[in-house]
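Welcome, and please take a moment to look over the sequence and the model before reading on.

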Amino acid sequence: MTDSKPCRVCNFTRRKSHGLVVLSLDELKIKGRDVLGFSPSAPVTVVLEDDGTVVEDQAYFMCLPTNTKFMLLLEKEAWSPVHRIDGGTAWMLRESMILESDAVDSASSAVAPWWELAQQVKQDLASIILMSEADLQTLVDAPCPELASAVGFEEKKAKDLQETLQRVLDRREEERQSKELLQLYLKALEKENTQQEEPSQASQGGVRDVDVPDGMEVDSASGFMSRTLMVLKGKTSPETRLSTEDLQMIVTKGVEAMEQVLGWDKVRTSMLVQACEAELTRRLQQVQAVQSIRSNAQQDRSQQSSKKSTEEGKKTSSSRQ
């Protein structure tokens with residue numbers, strides 16, 4: 001007896017999505033037509049929602065992991081990747097929205113705030129690097145068994161992922177607190193050095209944690225966007241808030257050029273450039289680590305699929321005998 005397989009099915013617009021439990025590829029087509037409102041006699045093509053791979057073989061269908069998402073296509077409909085709208089620099093603010101509305105049968109999955117983030121991780125593990133601290137905290141707080149099911153990991157691996165994300169958050173908080181103490185020291189030192197100057201000059205270059213408007217204009221003298229300059233001058237730990245491109249630009253310009261851009265002294269500017277260089281190195285190391293994890297995960301899935309296919313072949317041979 002073939003085991004039932006929990007899965008999800010959507011139409012080509014991804015605006016309708018439902019959870020199903022089926023025994024075969026043919027049953028997926030029958031139930032999929034019904035829940036998506038297709039005609040029972042309408043010919044449909046089944047593809048993988050994430051990459052458009054056509055699924056037309058029962059053995060291949062049974063080798064796919066549980067909770068795989070399929071797309072049912074009618075005639076003249078074609079698979080296309082999820083369309084994303086990126087609102088600004090992803091390193092500054094994670095404002096990307098996926099134009100997909102899942103009406104999954106499980107109400108908890110449909111409304112859980114971590115569900116969409118889990119789908120991003122499932123499609124590309126490296127997307128974790130682009131997530132804000134709020135998004136990372138949401139994944140850490142997600143129920144581990146449900147997160148494992150949504151991402152396609154074993155529960156232990158999902159737990160390891162959450163613990164890793166929590167360590168990243170803890171390290172960022174420690175770094176921020178250390179930088180804030182350092183900024184307070186620099187501010188006090190600057191105030192001491194400018195006591196003899198005019199009050200207006202004393203307030204220039206102060207490091208205050210104020211809201212920074214989103215300015216896209218490029219300063220012709222420095223080549224930086226006005227928003228980037230305001231982050232550098234007005235935010236604590238600015239290197240953690242800048243895009244990778246901005247960090248590379250700062251490191252490339254060097255201390256002397258940044259002194260002229262910011263109007264700071266050499267010591268303070270040097271510390272900023274060093275912090276930006278360290279942050280840039282950390283991000284590159286994260287990318288390499290995530291790529292390594294993703295490679296290992298793909299190998300694990302390949303081995304599991306091969307093992308399941310072998311076991312299925314043995315069951316089929318045994319039933320025929």
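The report below covers confidence, strands, a helix and salt bridges.

This is a predicted model, in which local features need pLDDT of at least 70 and side-chain atom pairs count only at pLDDT 80 or more, while totals for chains, interfaces and linings use all residues. Residues are numbered from 1 along each chain as its sequence is written, and side-chain values use heavy atoms, with hydrogens and water left out.

Let us begin with pLDDT, the predictor's confidence in each residue, from 0 to 100. The protein chain has a mean of 78, and 80% of its residues reach 70 or more. Confidence is highest in strand β3 (residues 45–48), at a mean of 95, and lowest in strand β6 (residues 97–98), at 36. Helices (H or I, at least four residues) and strands (E, at least two) are DSSP runs, numbered from the N terminus.

Next comes strand β1 (residues 5–10), where five of the six residues are buried (under 20% relative accessible area with a 1.4 Å probe, protein chains only; exposed is over 50%, and partly exposed is in between). Two strands pair if DSSP finds at least two bridges between them. β1 pairs with strand β2 (residues 17–22) in the antiparallel sense over six bridges, and it runs parallel to strand β4 (residues 68–73), joined by four bridges. Cys10 has Ser17 as its bridge partner in β2 and stands opposite Met71 in β4. β1 and β2 form a hairpin with six residues between them, and Arg14 in the turn has a positive phi of about 65°.

The structure holds seven salt bridges, each a side-chain nitrogen of Lys or Arg within 4 Å of a carboxyl oxygen of Asp or Glu. Three of them are listed here.

| Salt bridge | N to O distance |
|---|---|
| Glu49 and Arg14 | 2.5 Å |
| Arg176 and Glu133 | 2.6 Å |
| Glu279 and Arg282 | 2.4 Å |

Where does Arg176 lie, and where Glu133? Arg176 is in helix α7 and Glu133 in helix α5 (residues 133–141), so their pair ties together parts that are 43 residues apart in sequence. Arg176 is buried, with a relative accessible area of 17%, whereas Glu133 is partly exposed at 27%. Glu133, Glu173 and Arg176 are linked in a network of salt bridges.

Glu279 and Arg282 are three residues apart in helix α11 (residues 266–320), separated by about one helical turn, and both are buried. Glu49 and Arg14 are buried as well.
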